[in-house]
Amino acid sequence: MKIVYLVYTVLLSASAAPAVAAPCQPAPAAVIDIDANSYYNDANHSVIDPARRAKNIASTEPVEQFLSGVARNASRYQANGKPQDAACALNWLDSWAGQQAMLGKMSSEQAYFVRKWTLGGLALSYARVQAAATPAQKKAIEAWLSTLADATLVHADTRKGKRNNHYYWEGLAVTAVGAVTHDQRLLTWGHGVFDNAMAQVAPDGALPAEMARGAKALHYHAFAAAPLTMMASILNLQSSTLDRLVTFTLAAARDPAAMQQATGFKQEEVNDLPFAVIYARHMGHPPAAAAKFQARLGGDLTLPNPLEHLASSNKSTGQP
């Protein structure tokens with residue numbers, strides 16, 4: 001069964017950001033408290049309950065639409081340099097920053113998930129328009145992003161449970177904020193998350209926690225690889241362990257037979273592979289997948305994010 005990259009509920013479409021901008025609308029009402037719910041109904045977290053899924057989409061839609069709007073305007077600005085696109089993204093960010101959005105009550109673990117996914121995308125989108133920010137906007141937005149990053153790492157450090165894809169997305173959110181605000185403390189924490197992830201990769205390139213996801217093992221390998229490849233690019237790391245994970249996941253996407261045998265489940269087909277785009281750009285490899293719009297990764301992936309380190313600038317070595 002073909003699926004959309006399910007966990008990317010932020011996407012309004014799979015296409016790149018449109019070249020022609022609509023007039024900037026006022027920023028949506030700030031979401032202070034996030035209400036979200038889990039929607040899986042099996043032990044492997046691989047079978048979706050449609051009613052619970054629909055409830056979660058409806059309750060988180062204001063946050064998702066805000067992220068998508070910022071990402072689209074920021075991507076357009078990087079593509080065409082029109083000041084109105086940067087102004088729109090920055091006005092939206094400044095509005096939510098001034099109201100301390102997403103710093104209220106989190107209703108569940110799923111709400112924390114939504115916040116960290118959103119934070120990573122906002123930080124990456126802000127990097128595209130940061131140079132156009134006024135001093136007042138820069139101060140307000142960066143202070144807000146930093147507060148959200150601190151809340152994210154505190155939750156990550158205190159939450160009990162597996163260090164799986166959720167931890168990696170927390171790592172990306174904190175790393176992106178650290179990079180865009182030049183906060184070495186946040187960058188160091190993010191590097192620790194990356195090292196933790198690399199220590200989990202099996203010799204064949206698999207992630208054991210994601211292999212346990214039944215029919216969604218392939219889906220969650222691709223989902224886990226996305227923040228890890230972006231972190232490696234932001235931190236300018238090269239890692240043979242990450243190479244194994246990427247190679248394993250791409251091979252499984254092309255032919256899932258071995259993964260199906262290992263998990264005992266027929267794998268859902270995954271056609272959206274943003275990690276492959278980021279990884280190829282960082283390593284100087286030919287693209288192995290089409291670049292699409294991913295709000296949680298900063299918008300239009302045909303445009304290298306200013307925080308990414310491209311192949312010509314690679315210098316550092318990460319986890320072996």
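In the predicted model, helix H4 contributes a series of buried residues, namely Gln 137, Ile 141, Glu 142, Trp 144, Leu 145, Ser 146, Leu 148, Ala 149, Thr 152, Leu 153, His 155 and Ala 156. The cover over these buried positions of H4 includes H1 and H2, together with helix H3 (109-129), helix H5 (165-181) and helix H6 (184-200). Helix H4 itself spans residues 135-158, and its 24 residues extend 35 Å between the first and the last C-alpha, a value close to the 34 Å expected at 1.5 Å a residue.

A search of the whole structure returned 1 disulfide, formed by Cys 24 and Cys 88, whose sulfur atoms lie 1.9 Å apart. The link is right-handed, with 80 degrees about the S-S bond. Because Cys 24 belongs to the segment that precedes helix H1 (50-80), while Cys 88 is part of helix H2 (residues 83-98), the pair ties together parts of the chain separated by 64 residues in sequence. The two partners are placed as follows: Cys 24 is partly exposed, at a relative accessible area of 41%, whereas Cys 88 is buried, with 3% relative accessibility.

At the level of the whole chain, 11 helices and 2 strands were assigned, and their order along the sequence follows the pattern α-α-α-α-α-α-α-α-α-α-α-β-β. Of the 320 residues, 56% count as buried, and the chain exposes about 12700 Å², of which carbon and sulfur atoms supply 58%. Among contacts between residues at least 6 apart in sequence, 77% join residues that are at least 24 apart.

Definitions and conventions. Residues are numbered from 1 along each chain as its sequence is written. This is a predicted model: local features need pLDDT of at least 70, side-chain atom pairs count only at pLDDT 80 or more; totals for chains, interfaces and linings use all residues. Side-chain values use heavy atoms; hydrogens and water are left out. A disulfide is a pair of cysteine sulfur atoms within 2.5 Å. Helices (H or I, at least four residues) and strands (E, at least two) are DSSP runs, numbered from the N terminus. Buried means under 20% relative accessible area, exposed over 50%, partly exposed in between (1.4 Å probe, protein chains only). The expected span of a helix is 1.5 Å times one less than its number of residues. Contact means heavy atoms within 4.5 Å. Accessible areas come from the Shrake-Rupley method with a 1.4 Å probe; for residues, only the protein chains shown count as cover.
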